[in-house]
Amino acid sequence: EMHLVESGGGSVQAGGSLRLSCVASGSINSRNCLGWFRQVSGKVREGVAAIPTRDGSAYYADSVKGRFTISRDNAKNTVYLQMNALTPDDTGMYFCVADRECTVLAGHWAIAERASWGQGTQVSVSS
């Protein structure tokens, strides 16, 4: 079993920045992809960014390209999401997700049902 614990959410004004962190523990060797999903009220859950734990390119949703940066520290089993130029549309619950592989289908990060999820951290951006 894998455990994911997020931190770093909060409230900021539009144009501000936040950095989310996610620490993974447990059966991490079976998960080669770490990333972030978000759930915005009234919208479909969206895969925001993902990064392979080994070599490979990061994935970003079109809505965050150029503003968000995902990174990892394998020694700390931690993945980060640096969010800049935040807008009210970024408001939502952000979940750390771990999957066996980073799979992109039709331009979107596709996760398996077996993927592991954290409890989420709230991000609120005011105008």
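These entries record what I looked up, topic by topic.

**Ground rules**

This is a predicted model, so I kept in mind that local features need pLDDT of at least 70, that side-chain atom pairs count only at pLDDT 80 or more, and that totals for chains, interfaces and linings use all residues. Residues are numbered from 1 along each chain as its sequence is written, and side-chain values use heavy atoms, with hydrogens and water left out.

**Disulfides**

I searched for disulfides, taken as pairs of cysteine sulfur atoms within 2.5 Å. The count came to two. I noted that such a link is a covalent bond between the sulfur atoms of two cysteines.

I took C22 and C96 to begin with. Their sulfur atoms sit 2.0 Å apart. The angle about the S-S bond is -85°, which makes this link left-handed. I then checked exposure, with buried meaning under 20% relative accessible area, exposed over 50%, and partly exposed in between (1.4 Å probe, protein chains only). Both C22 and C96 are buried.

Next I looked at C33 and C102. Their sulfur atoms are also bonded, at 2.0 Å. Here the S-S angle is 95°, and the link is right-handed. C33 lies in strand β4 (residues 33-39), while C102 is in the loop between β9 and β10 (103-105), 69 residues apart. C33 has 0% relative accessibility, so I logged C33 as buried. C102 has 29%, so I logged C102 as partly exposed.

How are the bonded cysteines paired in sequence order? I numbered them along the chain and got 1-3, 2-4.

**Strand β9**

I wanted the surroundings of β9. Seven of its eight residues are buried, so the rest of the structure largely encloses β9. I counted two strands as paired if DSSP finds at least two bridges between them. β4 and β9 run antiparallel and are joined by seven bridges. Within that pairing, G35 stands opposite V97. β9 also runs antiparallel to strand β13 (residues 121-126), with three bridges. There, G92 has V123 as its bridge partner. Strand β12 (residues 116-117) pairs with β9 over two bridges, again in the antiparallel sense. V97 faces W117 in that strand.

**T78**

I moved to T78, which lies in strand β8 (residues 78-83). T78 counts as buried because its relative accessibility is 6%. I found its side chain 2.8 Å from the backbone oxygen of K76. I then listed contacts, meaning heavy atoms within 4.5 Å. Leaving aside neighbours within four places in sequence, T78 touches C22, V23, S71, R72 and D73.

**Positive phi**

Most residues other than glycine have a negative phi. I looked for exceptions. A85 has a positive phi of about 50°. A85 is in the loop between β8 and β9, and its 37% relative accessibility makes A85 partly exposed. A106 also has a positive phi, near 50°. I placed A106 in the loop between β10 and β11 (108-110). A106 is exposed, with a relative accessible area of 79%.

How values were computed. Helices (H or I, at least four residues) and strands (E, at least two) are DSSP runs, numbered from the N terminus. A polar contact is a pair of N or O atoms within 3.5 Å; within protein, one must be able to donate a hydrogen and the other to accept it, and residues adjacent in sequence count only if both atoms are side-chain atoms.
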